[in-house]
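Here is a short briefing on one protein chain. Look over the sequence and the 3D view before reading on.

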Amino acid sequence: MKKQRVVLGLSGGVDSSVCAYLLKKQGYEVIGLFMRNWDSFLNNDFKGNQNINQSICPQEQDYFDAKSVADKIGIKLYRIDFVKEYWDYVFSYLINEYKIGRTPNPDIFCNKYIKFSYFANYAFNELKADYIAMGHYANTINGELFKAKDLSKDQSYFLAQLSNEQLKKVIFPLANLYKTEVRKIAKDLNLITANKKDSTGICFIGERHFTEFLKNYIPAQEGNIIDIATNKIVGKHQGTMYYTIGQRKGLNLGGFTKPYFVVGHNLAKKILYVANDDHIEYLNSNKLIAINPNFLAKNYDLNNLTAKFRYRQDDVKINLEIIDDNHVLIKYPLLNAITPGQQVVVYEGNKVVLGAIIDEVFNDDIKKTYL
């Protein structure tokens with residue numbers, strides 16, 4: 001019988017490297033596909049880019065590593081550019097969200113539009129794949145999404161904007177492996193990526209000095225930093241859009257007995273609101289409205305739901321109310337720094353019920369949490 005063909009996103013990291021080995025061992029015909037989604041020179045990525053003057057940029061090094069792995073395992077490796085698509089569908093969204101004072105998560109939309117859409121279409125249409133595979137720590141069963149066995153590495157949070165149709169043709173080879181096991185397999189195979197650090201920073205862009213990086217695309221707009229409890233000016237900022245809710249570092253506010261953190265913005269007046277630990281209530285919330293919910297679970301128990309409001313956060317017991325096709329209301333115990341623009345992912349046990357974008361956040365003890 002003809003082997004089923006799997007096109008794997010081979011990134012040059014240890015996770016996708018081990019996926020290539022596992023898929024081949026399972027009897028698939030494996031093809032690697034390396035994506036290039038960012039061009040620093042084309043995209044004016046100079047400020048905040050510590051890698052701009054390196055002789056080999058990290059992205060090219062990743063390709064060389066992916067090629068080494070493909071050669072060692074014995075699979076073909078193709079390379080494709082989605083630079084324009086990434087800019088149009090991921091990066092433009094990120095910049096537009098920051099301009100209106102929200103904090104987006106580009107990894108989520110990179111998965112939705114690039115990895116599981118443009119990549120998938122190329123794999124199925126041009127490379128005639130039966131399935132695609134990715135090195136995410138997650139699991140899929142009959143088009144539904146579940147957490148991975150290694151909960152410390154689980155990435156279902158970043159995949160909650162996918163559709164059931166997208167998930168039906170995806171294999172996650174690492175679903176039932178711990179990261180330590182993945183590293184051991186890579187070391188046993190003597191892969192060049194065995195001890196390579198996990199990638200960090202922005203999806204396909206990498207690590208940046210973030211405020212300086214944003215200045216490439218959003219000009220500085222100085223204004224006042226105001227203590228929300230006293231309404232007094234306590235400093236100056238470079239631009240309200242550069243700061244996220246709950247941020248404590250990088251405010252350059254010295255000489256105070258207690259450190260400040262960000263609690264809100266007024267973009268029209270160029271005001272950044274802060275508070276200290278005496279007024280933590282301005283950072284707290286107990287309910288939110290999220291928009292454009294993406295339901296993935298066919299059946300779920302409304303009385304047994306939890307949620308994550310950011311990656312690596314512990315699950316929190318919630319109450320879910322469906323307002324209409326575009327809005328859900330989620331109530332939860334008092335938490336801090338729940339941030340508009342981020343995603344909330346609702347679970348029933350290990351099964352993903354929905355992902356939605358946080359639009360407004362409220363605290364019943366005060367009129368509104370964020371300005």
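Buried residues make up 53% of the 371 residues in the protein chain. The model is predicted.

**The whole chain**

- The protein chain holds seven helices and 18 strands.
- Its radius of gyration is 22 Å, close to the 21 Å that the globule rule gives for 371 residues, so the chain is as compact as a globular protein of that length.
- Along the principal axes, the C-alpha atoms fill a box of roughly 75 × 55 × 35 Å.
- Take the contacts with a separation of 6 or more: residues 24 or more positions apart account for 66% of them.
- The accessible surface of the chain is about 17,500 Å². Carbon and sulfur atoms own 48% of that surface.

**The nonpolar cores**

- In soluble globular proteins, nonpolar side chains tend to be buried together.
- The largest nonpolar core here has 68 residues.
- Which members of this core touch the most other members? They are Val7, Tyr86, Phe91, Phe116, Phe119, Leu145 and Phe172.
- Helix α4 (residues 106-125) supplies the largest share of this core, with eight residues.
- A second core is separate and has 29 residues. Among them are Phe34, Ala133, Ala148 and Leu191.
- Leaving out residues up to four places away in sequence, Phe119 touches Val7, Leu8, Gly9, Leu33, Met35, Phe82, Ile114, Ile132 and Met134.

**The annotated active site**

- An unreviewed UniProt entry gives the annotation "active site" to Cys110 and Cys203.
- These two are spread over 94 residues of sequence, yet they cluster in space, with a largest C-alpha distance of 7.0 Å.
- Cys110 sits in helix α4. Its relative accessible area is 0%, so Cys110 counts as buried.
- Cys203 lies in the loop between α6 (179-188) and α7 (210-215).
- Is Cys203 buried or exposed? Cys203 is buried, because its relative accessible area is 9% and the cut-off for buried is under 20%.
- Which residues does Cys203 contact, apart from neighbours within four places in sequence? They are Tyr86, Asp107 and Cys110.

**The annotated C-terminal domain**

- UniProt, again in an unreviewed entry, places the feature "domain: tRNA-specific 2-thiouridylase MnmA-like C-terminal" at residues 286-358.
- Over residues 286-358, the chain is 62% strand and 0% helix.
- The end C-alpha atoms of residues 286-358 are 13 Å apart.

**Salt bridges**

- How many salt bridges are there? The count comes to 23.
- Lys168 and Glu165 form one of them, at 3.1 Å from N to O. They are three residues apart in helix α5 (residues 164-168), so about one helical turn separates them.
- Lys168 is partly exposed, at 44% relative accessibility. Glu165 is exposed, at 56%.
- Lys258 pairs with Asp278, and their closest N and O atoms are 2.5 Å apart.
- Lys258 lies in the loop between β9 (232-237) and β10 (260-266), and Asp278 lies in the loop between β11 (271-276) and β12 (284-295), so the pair ties together parts that are 20 residues apart in sequence.
- Lys258 is partly exposed, with a relative accessible area of 34%. Asp278 is partly exposed too, at 47%.
- Lys351 forms a salt bridge with Glu348, and here the closest N and O atoms are 3.6 Å apart.
- Are Lys351 and Glu348 buried or exposed? Lys351 is buried, at 13% relative accessible area, and Glu348 is buried, at 18%.
- Salt bridges can also link up. Asp15, Lys153, Lys179, Arg183 and Asp198 are joined in a network of them.

Key. Residues numbered from 1 in each chain as written. Predicted model: local features only at pLDDT ≥ 70, side-chain atom pairs only at ≥ 80, totals over all residues. Heavy atoms only, no water. Core = buried A, V, L, I, M, F, W, Y, C linked by side-chain atoms within 4.5 Å. Buried < 20%, exposed > 50% of the residue type's maximum accessible area, 1.4 Å probe, protein only. Helix = DSSP H or I, 4+ residues; strand = E, 2+ residues; numbered from the N terminus. Contact = heavy atoms within 4.5 Å. UniProt positions renumbered as here; feature names shortened; annotations may be inferred. Salt bridge = Lys/Arg side-chain N within 4 Å of Asp/Glu carboxyl O. Rg over C-alpha atoms; globule rule 2.2 N^0.38 Å. Areas by Shrake-Rupley, 256 points an atom, 1.4 Å probe, with all protein chains shown as cover.
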